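Subject: Structure handover

Hello,

The sequence and the structure are below. My notes on what was found follow directly after.

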Amino acid sequence: MHKISFPGLGIDEFTVNSTAFLGIKWYGIIITLGMIVAVSYVFYRTKKQKLLLDDLLDIALFTIPLGVLGARLYYIFTDNGNGTMFSQVMANDNLSFGKKIFELFNIRGGGLAIYGGIIAGVVTAFLVCRYKKINFMKFLDSAGPAAMIAQAMGRWGNFFNGEAYGSQTDLPWRMGLLPNMDSNFTMYYYHPTFLYESLWNITGFILINIFYKKKKFDGQWFLSYVAWYGLGRAFIELLRTDSLWIFNHTIRVSTLVGGLSCAVAVGAMIWLYIKNKNKELSPVIYYPNAKHHPDNLPKQENVKESDDEPIKENTENETENGSSASSEENENN
């Protein structure tokens, strides 16, 4: 448990427990809810483009676990200020080899890097989309905003853990935290960088959805997400005290990756806009040769017409029988 306050906002000290119930952490619950919201959002958007729910679930079932794995690998192989986690764990002679492997992948102990998750998730989604003949860039246009809202939710897991905060500050929205990186007995006040990133993502999500129907080319909203998130993360990371580093502790990884991804995304949007300026967007997410493209699905038989035939035949039979009966009756008379 830890104590938190926002005195500049009139919020006095209160206690937060990182455990929700039965040993389950709030962080895990919030991340899981974020995944559910993200998949639901993608379904909402792609349903209009004729994407089958089964295909979406197939993408999610591969992308989510491999995305988590990617986030973990990114974290353990990146310098945290004292070397990489991988080198630290493998150098610990007090652990057996099996325990070392367990420690490296024990995400309950913390340590997921979002960029690793994004990279692994995008690569996995690409492979599944290619197999199912789904337009990858069109799919990403719904997945980008979905990731954005999931990240906005996920940052509140950091709040419950009392982590991902910045340097000390006296700004009105400062966050008091105890225990903290400077003391286990005195409350100090820091930048609530988890809150900055959450609000930044929520703002981007709202803006993308306001203009969503005005899309000019496939990939526009995914690249907008990459640019928006990269720009915000590049600056927010400068305030954090738990950054991952490269080049002998001289450059913050997320600042470098965020800045580069923003620049590349903006350049790609300009190029794609020019290239696709006069092209009409397909309303269907599948390629024409895809098994689940609407034009390739089996046509339903017209049940009504097939049901009418026997009725017609019966009517004719009844008419014939009636005529025969009348003829026989006339003959008898």
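This is a predicted model: local features need pLDDT of at least 70, side-chain atom pairs count only at pLDDT 80 or more; totals for chains, interfaces and linings use all residues.

Strands here are DSSP runs of E with at least two residues, helices are DSSP runs of H or I with at least four residues, and both are numbered from the N terminus. Two strands count as paired if DSSP finds at least two bridges between them.

Two sentences on conventions. Residue numbers start from 1 along each chain as its sequence is written. Local features need pLDDT of at least 70 and side-chain atom pairs count only at pLDDT 80 or more, while totals for chains, interfaces and linings use all residues, and side-chain values use heavy atoms, with hydrogens and water left out.

Strand β1 (residues 2–6) runs antiparallel to β2, and four bridges join them. His 2 has Val 16 in β2 as its bridge partner, and Lys 3 stands opposite Thr 15 in β2. The two strands form a hairpin with four residues between them, and Gly 10 in the turn has a positive phi of about 80°. Leu 9 also sits in the loop between β1 and β2. What does Leu 9 touch, not counting residues up to four places away in sequence? Leu 9 touches Pro 172 and Trp 173, where a contact means heavy atoms within 4.5 Å. Leu 9 and Trp 173 are 164 residues apart along the chain, yet their C-alpha atoms are separated by 6.1 Å.

Next, the empty space. Rolling a probe the size of a water molecule over the atoms shows where empty space is left. On a 1 Å grid over the protein atoms alone, a cavity is a set of points where a 1.4 Å probe fits but cannot get out; a pocket is an open set with protein on both sides within 12 Å along at least five of seven lines; lining residues have an atom within 4 Å of a point. Grid points are joined across faces, edges and corners, and a volume is the space filled by probe spheres set on the points.

By this rule there is one cavity of 30 Å³ or more. The largest cavity has a volume of about 30 Å³, and its lining includes Ile 4, Phe 159, Met 175 and Phe 194. The elements giving two or more residues to that lining are α6 and β5 (175–178). The second largest pocket has a volume of about 310 Å³; among its lining residues are Arg 45, Lys 138, Tyr 212 and Asp 218.

Last, confidence. The mean pLDDT (the predictor's confidence in each residue, from 0 to 100) is 89 for the chain, and 90% of its residues reach 70 or more. Confidence is highest in helix α7 (residues 193–210), at 98, and lowest in helix α10 (residues 303–332), at a mean of 47.

Regards
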